[in-house]
Amino acid sequence: MQTFFKYNWLVREDWFHWCEELTDEELLQNRTGGMGSILHTLFHIIDVEWSWIRLLQGKTDFQECFDEYSSLEKVRKLEAAFYLEVESFVNQWDDSMEGRILHISLDDGSMESHTWGEIIRHTIAHEIHHIGQLSIWAREMGKAPVSANLIRRGLSSSLKDSVSAQINIKASK
């Protein structure tokens with residue numbers, strides 16, 4: 001689970017760098033799908049991740065207003081402001097948290113209940129979904145999208161040792 005959060009953060013950072021080549025008009029241009037624009041979609045990804053983590057920590061959730069973050073620099077500052085809290089929670093995750101239940105009061109007064117594991121996986125998938133939308137928009141603009149590959153990002157350094165050990169065992173047989 002932590003690997004997927006780290007993956008999302010690396011891909012997000014790549015998208016921020018990708019966006020540096022665009023004008024404000026291109027970042028805010030109305031598009032089909034997502035949150036309607038590249039910048040608003042990046043803002044939404046960050047805000048939703050932070051909101052779910054806050055709820056899991058028993059903290060109040062409030063929605064940021066995109067109108068206050070309508071530049072790449074402002075969205076990056078928002079991400080930096082939220083990142084430490086999210087990273088700390090993700091790094092402290094352990095198996096005992098998987099089955100905890102979060103009860104959510106909906107606007108209509110009804111309640112929903114979800115396991116923490118389900119919410120964490122939803123948060124991961126939510127970002128991956130929106131990154132796919134950014135990729136489509138990039139192609140529509142005639143630009144190469146950020147790579148969505150999980151491999152070659154250095155996320156599994158222990159895997160390298162494991163693979164080397166497996167190769168050495170096979171070679172010695």
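The following conversation concerns the predicted model shown above.

Visitor: What kind of model is this, and how are residues numbered?
Guide: The model is predicted: local features need pLDDT of at least 70, side-chain atom pairs count only at pLDDT 80 or more, and totals for chains, interfaces and linings use all residues. Residues are numbered from 1 along each chain as its sequence is written, and side-chain values use heavy atoms, with hydrogens and water left out.

Visitor: How many helices and strands are there in the chain?
Guide: The chain has six helices and two strands, in the sequence pattern α-α-α-α-β-β-α-α. These are DSSP runs numbered from the N terminus (helices H or I, at least four residues; strands E, at least two).

Visitor: Which residues of α1 are buried?
Guide: Among them are Phe5, Trp9, Arg12 and Trp15. Buried means under 20% relative accessible area, with a 1.4 Å probe and protein chains only.

Visitor: What do they pack against?
Guide: The buried residues of α1 pack against α2 (24–28), α3 (38–56), α4 (72–91) and α5 (116–140).

Visitor: Now His130. Why does it count as buried?
Guide: His130 counts as buried because its relative accessibility is 7%. His130 lies in helix α5.

Visitor: What does His130 touch?
Guide: Leaving aside residues up to four places away in sequence, His130 touches Gly34, Thr41, His44 and Ile45; contact means heavy atoms within 4.5 Å.

Visitor: Which side chain joins that of His130 in a polar contact?
Guide: The side chain of Gln133 does, at 2.6 Å. A polar contact is a pair of N or O atoms within 3.5 Å; within protein, one must be able to donate a hydrogen and the other to accept it, and residues adjacent in sequence count only if both atoms are side-chain atoms.

Conventions:
Buried < 20%, exposed > 50% of the residue type's maximum accessible area, 1.4 Å probe, protein only.
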